[in-house]
Amino acid sequence: MARPFLCIGHRGAMGHEPENTLRSIRKGIELGATWIEIDVQRVEEQLVVFHDERLDRTTNGRGLLAEQSFAELRKLDAGRGERIPTLEEVFETIGERVGLNIELKGPETAEPTVRRIHARDDFDYKRLLVSSFDIPQLRRVHELDAEIPLAGLYSRPSKEALRTATALGFLAINVSLRHVTSEFVKAAHEQGLQVLVYTVNEPDDIARMMSLGVDGVFSDYPDRVLRASRK
Ligand code: G3P
Ligand code: CA
């Protein structure tokens, strides 16, 4: 039986609510996303859910995230009165309702992420995907727990990406909408790898990705993906 097309809410449902907030994650789930993607960065000993290096675009703070204390970060407004969440809060919020794709965005996030996954000893790895552009961090996750499903993030698909994916036993390769090709999808599938494409928001692109046979898409508008799936 064909696997269902994965509808992954990007930073929650950032087309509708402030990205990477609990409000955005709840919205993604409400709209029917089957997976939620978030970005994590390390601040002191905490893992916060945040995309940029700087605070300016998405909060009422200024400057570099890495230069703030965790306590200061938690006082900021990340949009519509939301706080910057922690990874633990995301686990609590999603419960068992959807899959979680944790993107290791910042440095030194592999070990604390694995610790937090292990702390949730009831968490089913079928609902987990750890991804990163930073392949050495994925290698570290693999060393710590070879069962954790991994995905390499690449802007441009390449033969090198496929080789790394095999060496590290990736479940998926996640590539940019701008560069995905049917040849790459075929080559990845022949290696038993899933292909997930980011960030796919326009209905025509969603339809094109479905006809290309990719396994799912990241979208700021999970509702649009689900609408296209029902056609
Ligand atoms: O994981 C897919 C996508 O989120 C990667 O790009 O910049 O949105 O984190 P970015
Ligand atoms: Ca991301």
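**Close-up views of a predicted model**

View 1. R140 and E143 stand 3 residues apart in helix 5 (residues 135-144), so about one helical turn separates them; helices here are DSSP runs of H or I with at least four residues, and strands are runs of E with at least two, numbered from the N terminus. The two residues form a salt bridge whose closest N and O atoms are 2.7 Å apart, the term meaning a side-chain nitrogen of Lys or Arg within 4 Å of a carboxyl oxygen of Asp or Glu. R140 is partly exposed at 30% relative accessible area, whereas E143 is exposed at 54% (buried means under 20%, exposed over 50% and partly exposed in between, with a 1.4 Å probe and protein chains only).

**View 2. The calcium ion (ligand 2).** E37 (OE), D39 (OD) and E103 (OE) coordinate the ion at 2.1 to 2.3 Å; donors are N, O and S atoms within 2.8 Å of the metal, or 3.2 Å for Na, K and Ca, and because water is not among the atoms, sites may look incomplete. D39 belongs to strand 2 (residues 35-43) and E103 to strand 4 (residues 99-104), so this pair ties together parts that are 64 residues apart in sequence. D39 and E103 are both buried.

**View 3. A salt bridge between E72 and K75.** The closest N and O atoms of E72 and K75 are 3.0 Å apart. E72 is partly exposed, at 39% relative accessible area, while K75 is exposed, at 61%.

**Notes.** In this predicted model, local features need pLDDT of at least 70 and side-chain atom pairs count only at pLDDT 80 or more, while totals for chains, interfaces and linings use all residues. Residues are numbered from 1 along each chain as its sequence is written, chains are lettered from A and ligands numbered from 1 in the order in which they are written, and side-chain values use heavy atoms, leaving out hydrogens and water.
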